[in-house]
Amino acid sequence: MSQALLIKNGTIVNDDEILKADVLVKNGKIVEIGQNLHSEGAVLVEADGRLVIPGGIDPHTHMQLPFMGEVAVDDFYTGTRAALAGGTTMIIDFVIPSKDSTPLKAYKQWRDWADPKVCCDYALSMAITTWNEEVSKEMQMVTMPEYGINSFKFFLAYKGVFMVQDDEFYQGMLQCAKIGALARVHAENGPVIAEKAKALLDMGITGPEGHTQSRPEELEAEATNRACVLAGQANCPLYVVHVMSKGAARAIAHHRQKGSVVFGEPIAAGLGTDGSHYYSEDWLTAARHVMSPPLSRDPTTPEALMKLLACGELHLVGTDNCTFNCQQKLAGKHDFTKIPNGVNGVEDRMSIVWERGVHRGVMDPMRFVAVTSSTCAKIFNIYPRKGRIAVGSDADIVIWNAKATKVISKDHHHQAVDYNIFEGQEVHGVAEMTISRGNIVWEDGQLSVEGGAGKFVHLPPYCPYVFAAVQQREKVIQPRAVKRAPVEEMAAAKISEI
Ligand code: URP
Ligand code: ZN
Ligand code: ZN
Ligand code: ZN
């Protein structure tokens, strides 16, 4: 049982309203919102001049992911602590079974890793890295209430490791549609990337600049378009993770205009920095930015993606937080294809979006709440329990100071990784206090939370926000047969006419 909290004089921002009101929290829930509230014995939180917003939800992280021969250094403890310090109170991490494992085995592994360590609430999304009857059956099992999975991710890249073929992806999406789960996709053209990487290495281009040159933006746009087409054929809702380029965003907009149910997720890295670093003469600077799809080499992309997010062509912001230390990045010192892929973001996502979105006048504070919290809660079927300041909602609340600034640096971030891709950037918009399940866990620059304090959040399938249109469409697009006389009779009649 947490102590009652009374948040006084703040300005509540939800995705559709801004209002000045007090908020009373008891036993981890918001119990009252109103003017001049009083509550005997409650801890007073003065929020005058500050915003009271729903805790951020990061829909895309990879804590302690074993990947490319290394294990990501931010684990479920350091990663979720850092999330709280930045105003994020829930993450959705990916279970990624190796090709010789199964969804169920991997699910258990991830729960064993995460449950004792998480400092904020978390949920899981499941990657499908191989395709057979057993996998298909286990997809159905993990969408049962006791497992709480309602989305599956397919990699169209990382050939030979996580990648699935188009027919497997298509079958996987048919199964998603059948069991009420959302399909998510890493959209790149894995086979062509493998060819291009080999050609670059043969030319002697072994540095991180080879990473970006082997993965031209057109290949992300092509795969995004293909994924949207195949999702349409399977009548399955689709969520494109890490939208990194204008071309990929355009493909999503094109299919949405045609009526597809597709969501696009840009990430903090793609909004807050760009791919110019791959050409740095300092190998480590370049390698630290290696992730897939790569950061865009077009310097106008971050602002363009932010504008698409503001106007609703893109929908929510993740991070793809998957951090490898400099020492681990050195695994690829002679061959860029061996640099572990991944960057930071979980701590800085909210401030990066505020700075480049709201502070620069691109989006309003309600849209900020939508793209950092509410839309994620809606897509993953936990709204308004999460993603809203409302009576009955979980007390995951951030006291946000829009006027405060901070300079992002590895020297004072809370992540385990030994660099920060946003190093030296000054951002307006700072999480002054973070409340998780009714407990103050971040205040005055100090974290007070223990591993295991966060809880696993079960995500129910058949989310109406995602499925309402496709379910109706399923009825409309049923295959149609034409009634005819038996072919033999018809053929006999035709022949006698001749
Ligand atoms: O480079 C990346 N994105 N690493 C994490 C794995 C993935 O593709 O999401
Ligand atoms: Zn990915
Ligand atoms: Zn990822
Ligand atoms: Zn600024």
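A residue counts as buried if 20 or more other C-beta atoms lie within 10 Å of its own, as exposed if 12 or fewer do, and as partly exposed in between, the C-beta atoms being placed from the backbone. By that rule Asp-444, with 7 C-beta neighbours inside 10 Å, is exposed, and this residue is found in the loop between β19 (439–443) and β20. The structure shown above is a predicted model, in which local features need pLDDT of at least 70 and side-chain atom pairs count only at pLDDT 80 or more, while totals for chains, interfaces and linings use all residues. Residues are numbered from 1 along each chain as its sequence is written, and chains are lettered from A and ligands numbered from 1 in the order in which they are written.

We can begin with the strands. Helices (H or I, at least four residues) and strands (E, at least two) are DSSP runs, numbered from the N terminus, and two strands are said to pair if DSSP finds at least two bridges between them. Seven strands form an open sheet with mixed pairing, and their order is β3-β2-β7-β17-β18-β19-β20. At the edges stand β3 (17–20) and β20 (446–447), each of which has a single partner strand, so one side of each is left without a neighbour in the sheet.

Moving through this sheet, strand β2 (residues 11–14) pairs in the parallel sense with strand β7 (residues 51–54) over two bridges, and Ile-12 has Val-52 in β7 as its bridge partner. Strand β7 is also joined by four bridges to strand β17 (residues 397–407), to which it runs antiparallel; here the bridge partner of Val-52 is Ile-399 in β17. Strand β17 in turn is joined to strand β18 (residues 426–436) by eight bridges, again in the antiparallel sense, and Trp-400 stands opposite Ala-431 in β18. Helix α13 (residues 349–359) packs on the sheet, where it touches β17 and β18, and its direction makes about 130° with that of β18. For such angles, axes are lines fitted to C-alpha atoms, for helices over the stretch in contact, and the values run from 0 to 180 degrees between N-to-C directions.

A separate pairing is made by strand β4 (residues 22–26) and strand β5 (residues 29–34), which run antiparallel over five bridges, with Val-23 having Ile-33 in β5 as its bridge partner. These two strands form a hairpin with two residues between them, and Asn-27 in the turn has a positive phi of about 50°.

Two helices give an example of packing. The axes of helix α2 (residues 103–114) and helix α3 (residues 133–142) come within 9 Å and cross at roughly 45°. This makes α2 oblique to α3, since angles under 35 degrees count as roughly parallel, over 145 as roughly antiparallel, 65 to 115 as roughly perpendicular and the rest as oblique. Two residues are in contact if their C-beta atoms, placed from the backbone, lie within 7 Å, and Pro-103, Leu-104 and Tyr-107 in α2 meet Val-135, Glu-138, Met-139, Met-141 and Val-142 in α3. The residues of this contact divide into seven nonpolar, no polar and one charged, where Ala, Val, Leu, Ile, Met, Phe, Trp, Tyr, Cys and Pro count as nonpolar, Asp, Glu, Lys and Arg as charged, and the others, Gly among them, as polar.

Lys-153 lies in strand β13 (residues 151–155) and is buried, with 22 other C-beta atoms within 10 Å. Leaving aside neighbours within four places in sequence, Lys-153 is in contact with residues including Phe-94, Ser-125, Arg-184 and His-186. The annotation "domain: Amidohydrolase-related", also from an unreviewed UniProt entry, covers residues 51–441, a span that is 37% helix and 18% strand and whose end C-alpha atoms lie 17 Å apart.

Some details of the backbone remain. Most residues other than glycine have a negative phi, and most peptide bonds are trans. Tyr-158, however, has a positive phi of about 65°; this residue is found in the loop between β13 and α4 (166–179) and counts as buried, with 20 C-beta neighbours inside 10 Å. The peptide bond from Ser-292 to Pro-293 is cis, with omega near -10°, and Pro-293 has its place in the loop between α10 (283–288) and α11 (301–311). The bond from Tyr-383 to Pro-384 is cis, with omega near 5°, and Pro-384 is placed in the loop between α14 (365–379) and β17.

Key
UniProt positions are given in the numbering used here, feature names are shortened, and annotations may be inferred rather than shown by experiment.
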